[in-house]
Each structure stands twice: as C-alpha cells, then as structure tokens.
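Me: Got a new structure to walk through with you. Can we go over it together, bit by bit?

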Amino acid sequence: MSVAAETVILRRSGSGVNLARFAVYALLIVAAAVFLAPLVSMVFTSLKSMDEIRAGNLLSPPGAVTLEAWATAWNSACISVSCAGLKGYFLNSIRMVVPAVLLSVGLGALNGYVLTKWRFRGDNLLFGAMMFGCFIPFQIVLIPMAFTLGKIGLAGTTAGLVLVHVVYGVCFTTLFFRNFYVAVPDELVKAARMDGAGFWQIFTRVLLPISWPIIVVSVIWQFTGIWNDFLFGASFAGGESQPITVALNNLVNTSTGVKLYNVDMAAAMITAAPTILIYLFLGRFFLRGLMAGAVKG
Amino acid sequence: MAATERMAGKRRLANALPLFVLSPSLLMVTIGVYGFMLFSVILSFTGSKMFPRFVFTGFDQYERLFSNPRWGVAVQNIFIFGGLYIVLATILGLGLAILIDQRIRAEGAFRTIFLYPMALSFIVTGVIWQWLLNPGLGLERLVQGWGWESFSFKWLVDPQMAIYTVVIAGVWQVAGFVMALFLAGLRGINTEILSAARMDGAPTHKIYTRIIIPALRPVFLTAFVVEAHLAIKSYDLVVALTKGGPGFATELPSTFMYTTTFTRNEMGLGAASATVMLMTLAAIIIPYLYSELRHERRG
Amino acid sequence: MASLDIEHIGKRFGQVEVLKDIHIGIGHGDFLVLVGPSGCGKSTLLNIIAGLDTASSGAIRIDGKVVNDLEPKERDIAMVFQSYALYPSMTVAENIGFSLEMAGMPKEERKKKIAAVADLLKIGHLLDRRPSQLSGGQRQRVAMGRALVREPKIFLFDEPLSNLDAKLRVEMRTEIKKLHARLGATIVYVTHDQIEAMTMATRIAVMKDGILQQFGTPADIYDRPANTFVATFMGSPAMNLLDAEIVTHGGRPALRLDGVDGDAAILPIPATAGAVTLQPGQKVALGLRPEWITEPGTSRSREVHSLPFTVDVLEPTGPDIFLALRLGAVEVMGRLPADAQVQAGETRILDIDYTKAVLFDRQSGQALYARPQPAQAAA
C-alpha cells in the first residue's frame, strides 16, 4: 500500500489544488534538469571536436557529430606511458568483476542461508561482526592487504583484486541474503526436512529458486561497487592489471598540454556505460530489493 | 551399539556442516577485517617508514599526526565536507521524495533521473564535474553566454572554495539514493494514521511536520549513517576532481592516509591516520548496528 | 499406522521451561488432538515428535522404538503445516512428489503415486499449477497430498485449518475426518480451536503453560473436565462456574451459592462429587454447562432443580438462543433451543440439569470427583 493514494486525499480540494500541483511539477522538472545536465553535457562534449568545444558552451548541442573522441579514448589515448586507449583496461575490469561478483554473491547466499535457517549459538553476534566489515574505512586495511597480497604472490594481479573484492564484498552480500531469507518462512525448510531433503538439497531446490529478486540486487550492487572501485585498483593493481577507473583517472591526468575534454568525456562515458546500462535495465528490481532490505527498521 | 554410534557421528557431521559452509567467509572476515585492523593499529605505534618495522614508539605517530598541518587541513575539510554533504543530501533527498510521493505522472522516469548518478564511479563523477566547473569553458562560460557577462566561477582553482566543489559533486551523486530511502519510508507509513489526522482536521503541511516527518525518524538515522560512512571513506571523488589541490586545500583524511603511506613512505603515520578514521566511523556505526540488531531480536 | 508414546517429555530454552513432563500414549489409528491456547507448548511438542526440535528430557517412541536420535526423514512421519509450506518454485505435482524424489524413487513410479493421491484429494486438474495460482483450500489439499503420498506411519498436522475461511474450515474438517476413517492412519493434530478438537479427535490432550492438563476421550474432556481451565477452555459458550461454599443444610452437606439470596442459594452436592470428603466452609465452584439450563418440563434428566433467572440479553444463533442470565447477582450463560419462550427483561423459572454438574475446589482449581478420572488412572 502506497502512501501516495492517501496524500492525494489529504490535499485540499478547490482552487489551491491546481496551483500546488503546478508547483510540484515545476520543482520536479527543474530538479530533473539539474540532475540531467551533467550527463547531457558529457554526451554532447564527447561528440564534439575541440574547436567546437572552444566555440560553444557546456550545453550547446554538437553541430558536426564526430565519434573521433570515442575512438581516441578507446584505442589511442595515452594512459601513463602507453598510448593504447582504454580497451585493455575495460577487459581488465571485466576479468576482475565477473569472478568477484560470482564468488561474493555465491558465498553471501550460502552465509545468509546458514545464518537464518541453521541457527546456532552466537550467530547474531557473528552476523554483527560481519556487518561491521561493510562499514570499515578501507584505509585501515590497505597496508596489511598490500603485504599479504605480496606474500601470497598475488600483488599486482587480477586474481589479487578479485580476492580483495570478495573479502569486502561478502559482508554486503551476506547482509542482503540474510535479510531476504529471514523473511522466508522457516516452515518451508521444516517441510523440506520432513520430505527428506538435506542441507544442500534444501538450498538448491527450495531456497535458491525463490531467491532471484535478492540475487538481482546483490549482483547489481556488487557489479557497480566493484566496477566503480578506485581505491583497491589504485593500491593493488599493477600496470598490466589496472581496472578501467584507474586508467580513466590516469588518462584525464596524463593529457599533456591542451586538455582534450571531448576525449575525457568519451572515456568517462565508456567507463560509466556498463553500470549505467545495468542500472537502466535492472534498476527497478534493484530499488525494490534495496527498499525492502535497507529501510526495514 | 555400532548403529547408534554411526548415527551420532552422522548427526555431528550434519551439525558441523553449516559452520563448515560459513568458514571461508569467516576466515576472510577474521583476517581481512579484524586481523588487518589490528595490524594497522599496531603499525601506528611503530616507526615504520617504507616497510613495517616493529620498533615501538608509543604515541609518537599520533603526536606527529596531530601537529601535521596537512592533517589539520584534512580534519577541517572532513567537517566542512561531511557536514554540508550530510545536511544537503538529506534535505534534497527528503524534498525530492516528498515531491515524488505526490502521486505524480511519470514517477518512474523522475526516480530514474534522480538515481542514475548513484550508478557512476566517483572517478567518472569527478571527471564530469571537473569539466563542468572548469573556469575556462565550463559553467562560467555558460552563464556568461546567458547574458550575465561578469559572472565568475573559479571555485575549482580557489584554495578557499575548492572543497565546496567536492560537496556539490558528492551531493549530486548521492541525493537520489537518499531520496530512495525516504521514499521507501514514506510508502511504509500506515495510511490509516494519515486518515485519522485528516479526520481530526489537520492541514496538509501540519500532517507533514507533525506526523510524517517524525515517523521517518528511523530513515533519517539510516540516511545519516550511510552518508557519514560515504563521507569519511570519500577518496576517489577528491582524487578525480581536485587531486587534493589546489596545493593541499582539499586534502581529506582518506587522501592524507594514501599519500602519506604510499607516496611519502611514512607508513607508521599513515597507519595512525587510518586508525583515527576507523575510530571515528566505529563511533557512529557500532551504536547503529547495536540498535538495529537489538531491534530485530525484539521484533 | 503406528502407536506413538510420548514419555515424560520436557523442553527448556535456557531458563524457560516450555514443556514439563508430558506423558501421552496413543495406539494404532488414534486421532490425537493437542489443544490449548497459544504459547501452551503444543507446537513445540509436535516439532519434537517430528524430529524438527529436540527434547531436553524424555523419549518419543514410534511402534515401541525410541526415535529421539533419528532425523525427521528417518522417522517415517509426514507433516502438514499451518502455512502449508508449499515450495513456491515447484508445481503441485513436484511438491507432492518431492519426498519421493528425495528418497530416490524412479520417475514413473512417482508419477503413479502422485496421480493416485491427486485423485484421492480431487486435485488432479491442478498438478501443473504453482502454489501461487491456487486458492487457500486448494493449497491445503496439496499440503495434505504431500503428506499422504509418503504413506507414513504417523501424520502430524500443525493448525492446518487456521488459515481457511469459516465455511471451508468446516468442509476440510469433515474431509480430514473421512480420510482418517478411510486410511485408519495414526494422526497427531495441533489446534487452538476446541471445536476442531471435539469434532475430530479420538483422544484429546489439553495443554496450558507447557503442562498437560487432561488427556482423554472427547466425552471425558467435555463431561468430566479435570480442572477449571479445561472446563472453561473446552465448550462454547464456556462452562459456567458459580462460586459457592460448602454448608451444612438440614444435617447434610450442601452448597450455598455466593451472590444469591434465600432458599434459591441452597443446592445439594452434585452426584459426580457425591463421596468426596467436603469440609464445611470449603470454597468451591459449581460447574454448569449452558445447555444444562432448560425450560421447565423439557429435560429428560433424572435430577433437575428449578431456579429463578433474570433474562438480560438474548443472542439467537439460528438453531439455539444464547442467554445472558442472572441468578441473583451471578451472571450465567444459558443455551436454549430456538423455539424457547423467553423474553429479555423477564424473570422466570428455568431448570438446571444437575446430573453432570461438576464441583471444583476453588483454591486448586481441581475437579472434585467421587470416581477417579478413567484416563488419568490409566496414565
């Protein structure tokens, strides 16, 4: 039940209504314009030549649309010392994000299952300890993590980054799945036990098939979080394994002489594209799941 | 006899299985969160430079930290940035949520527009706003083009004002998320209470100030914790937008820690700054987690 | 089909004792109903029988064999849950066949069994649907099908009808009873609804606060309640408890009702309590079921007493009229046939059927019977 229906009833009837309605829409449209302007400017700028950028302003639409800046950003922009564009780093990010998401979501699902359906003494304390892991400032683990990765031979590798993202991602996925499974009736598990299903069968046959809403939420959360990460990438990745966010930052800061804003913007668009697309297609589910999980209290 | 023993053995195995499944995560959290935390705290009491050396120096690093002018700027900035960020994002988020909750047309489209910045990397956000706010071709030129010839906007390169550009970009990115939190809260309010207030003759604005907003208290708390957490952890945004500059005008504890440790090879000092960050965040998060979990146990 | 013995079962959660020394035995084909208010421990007891929970003390025997250490699946028991607990992602056929699949039965054989059960429960046309596409009554049937298909030794039901509307509940009640008669299965059924208990059970165990209050046949429980809790919990409207005191009247012990003036206050000791030693001055309560109050001349009872009642309110239910009556200052519920000639506000003489009237000690709440309880004697 939404509060919206009720607020309509709450509103005064009569001449005040139209004015109030008008004000609501006016405010929303202004706000939407302000929120959209940076994106619009980014797209426009990425499609312009530098000459046109100097001639126009932030929001002037491109006169002669050119994809040159995109091509440069992808293929030949200089990042640190090499001038091969973002494409290699884009692949690095994919190689990092796919296993990290799968592992952290899989572990989170199992943890949520155990913490809700196989309760044991101290499980709540354990969960609290894990939740705290979601919130620590990562600066506190940077130094020891750098040494540990070096010790186990994963320094500067994609595998090392995957490990780091799984360690700190599993706290969030556990939180998501635990809050989801808490709402699944225990009777379902009891019924499956009576039917002779064991620990794994209950999980794979009874719980997993109904978990897709929270799987979607966890995958989106982890994907955006890991794709967008900069701190771990900058701290632990070597030149060969750097993710795209680190490369973007280097690209923007490497440009010697004249700043090529069109290339910067195209590079930013390329970096943002996967998460924006995911958000556009799956955002609805994400919001729904997040609302159910985050604002319980 | 043998049969019962086998049975008991099976039972023990069945009881151990859940813990066994948890163990990889437990191991990772124990080492990766708590072990590493302890490691950093210990380092902060040593004189380590480029590599950890366990020569204990007491609170020396903390004394050095608090007498360091860059750290002073960082602390001052986190209060300016964090305070404005939390207040503005909360007000904007709540305002947008209330507007969206007026049973408007195209609600989904508005929600999408306000929320999409959340999907972006802080690096992307920083790059965008670096472009938007650049003194030559950015906002300044746009407004001048609209006819306000004398308009000047050079915050990005002004040491006094640069920290506020970080606030603007940060609020732009997070406001939609805060809106989503408040919207969920608004939709969760028992509508019968609103009907009752209406029957009692309360006007709309009173219903908001006296009933709806007080009922959103838990959401305010959640929003505060999320915002404070993001503010203290903020690193990428500053790096991409201002690189901590001009000079070190936009230094934050997070950037201080990074450069101190990895660029200036003052590991002990970096660990001390990280420890201070951890303590600050813990002071906010632990009471919150405690109340959340206790609340749950009661429910 | 099997016998079930619940032997001195106790259960603690930390400091809290939720079950205290529960001792019940039933034979092949019995229909045992565990009834009591919420929080009385009946569901915990059911979970212990099922193997979903463990007892702190005592033993569960099925066909004489202790099963305490067996997993639920090894006990050969099936259970129907209050929320039905159907697997949302599976079709009706998959739901019913899941236990057989887990037991490794080949697909063809499974199909036959599922079809037979679906036929029995008249849900053959629903086999390809998912639980979300079913009505409450249909879900209930699927849940029963899931239990039936295993042909277990014992069926457990945990408040299976409480989520149905009133009409469906009565239908399913009859259906479960028919099924019981047809299969001759041993059933343990938990409910808080005393009508379900009375209508379905061959044996009833009334529980409160983790303590077994009375175990017996429905007739035992209704006519010879062991204490005031059982007396008032079973039956609707509840049994009237009239406070009284033991006096000596005409040289013999008698009752004097509190709050009633004059001769009407004096009643003989009920026959059920005849030989119990009663002390003059002892505080007691006289238990009278509402239907034992009748219009004069209509009772076939051997012993009736006529008393003047004031009629406060009439509550016609269709077949009966419930009457809020007053005897002196004491409020009493009566139940007369719909055609009874009574009007609100009048004071008139009504008979009370005294043959089954029960006397309780007011301090302990225990019934005072001349003859010991048959079931308790057995236990």
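Predicted model: local features only at pLDDT ≥ 70, side-chain atom pairs only at ≥ 80, totals over all residues.

Me: Which residue in the hairpin of β11(C) and β12(C) takes a positive phi?

Reply: Gly250(C), with phi near 60°. That hairpin has two residues between its strands.

Me: Where is Pro237(C) found?

Reply: In the loop between α8 (228-233) and β11 of chain C. Pro237(C) is joined to Ser236(C) by a cis peptide bond, with omega about -5°.

Me: Switching to the sheet with β1(C). What's the strand order?

Reply: The order is β2-β1-β4-β5 (chain C), four strands in an open sheet with antiparallel pairing. At the edges are β2 (16-26) and β5 (65-66) of chain C, each of which pairs on one side only.

Me: Remind me, what holds strands of a sheet together in general?

Reply: Backbone hydrogen bonds, in either a parallel or an antiparallel arrangement.

Me: Good. Take me through the pairs. How many bridges join β1(C) to β2(C)?

Reply: Seven, antiparallel. Asp5(C) has Gly25(C) in β2(C) as its bridge partner. The hairpin of these two strands has two residues between them, and Gly14(C) takes a positive phi near 60° there.

Me: And on the β4(C) side?

Reply: β1(C) and β4(C) pair antiparallel over five bridges, and the bridge partner of Glu7(C) in β4(C) is Ala59(C). Then strand β4 (residues 57-62) of chain C pairs with β5(C) over two bridges, also in the antiparallel sense. Arg61(C) stands opposite Val66(C) in β5(C).

Me: Which strands does helix α1 of chain C lie across?

Reply: Helix α1 (residues 42-50) of chain C lies across β1 (4-13), β2 and β4 of chain C. Relative to β1(C), the helix runs at about 120°.

Me: What's the phi of His8(C)?

Reply: Near 50°, a positive value in a residue other than glycine. His8(C) is in strand β1 of chain C.

Me: New topic: chains A and B. How many residues are in contact?

Reply: 104 residues of chain B are in contact with 102 residues of chain A. Between them the two chains bury about 9,300 Å², with 77% of that on carbon and sulfur atoms. On the chain B side, Phe36(B), Tyr116(B) and Trp131(B) lose the most area to chain A, together 8% of what that side buries.

Me: How many salt bridges cross the interface of chain B and chain A?

Reply: Zero by the rule used here. What the rule does find across that interface is 18 residue pairs in polar contact, both residues at pLDDT 80 or more.

Me: Which helix of chain B gives the most to that side?

Reply: Helix α1 (residues 2-43) of chain B, with 18 residues. By type, the residues on the side of chain B that touches chain A divide into 73 nonpolar, 18 polar and 13 charged.

Me: And how many salt bridges over all chains?

Reply: The structure holds 26. One of the pairs is Glu266(B) with Arg64(B), whose closest N and O atoms are 2.9 Å apart.

Me: What does the Glu266(B) and Arg64(B) pair tie together?

Reply: Glu266(B) is in the loop between α12 (253-263) and α13 (267-298) of chain B, while Arg64(B) is in helix α2 (residues 60-66) of chain B, so the pair ties together parts that are 202 residues apart in sequence.

Me: Last one: what does Asn250(A) touch, leaving out residues up to four places away in sequence?

Reply: Ile79(A), Ser80(A) and Gln242(A). Asn250(A) itself is in helix α13 (residues 244-254) of chain A.

Key. Residues numbered from 1 in each chain as written. Chains lettered and ligands numbered in written order. Heavy atoms only, no water. Contact = heavy atoms within 4.5 Å. Buried area = accessible area lost by both parts, 1.4 Å probe. Salt bridge = Lys/Arg side-chain N within 4 Å of Asp/Glu carboxyl O. Polar contact = N/O pair within 3.5 Å; in protein donor to acceptor, adjacent residues only side chain to side chain. Nonpolar A, V, L, I, M, F, W, Y, C, P; charged D, E, K, R; others polar. Pairing = 2+ DSSP bridges. Axes fitted to C-alpha atoms, helices over the stretch in contact; angles between N-to-C directions.
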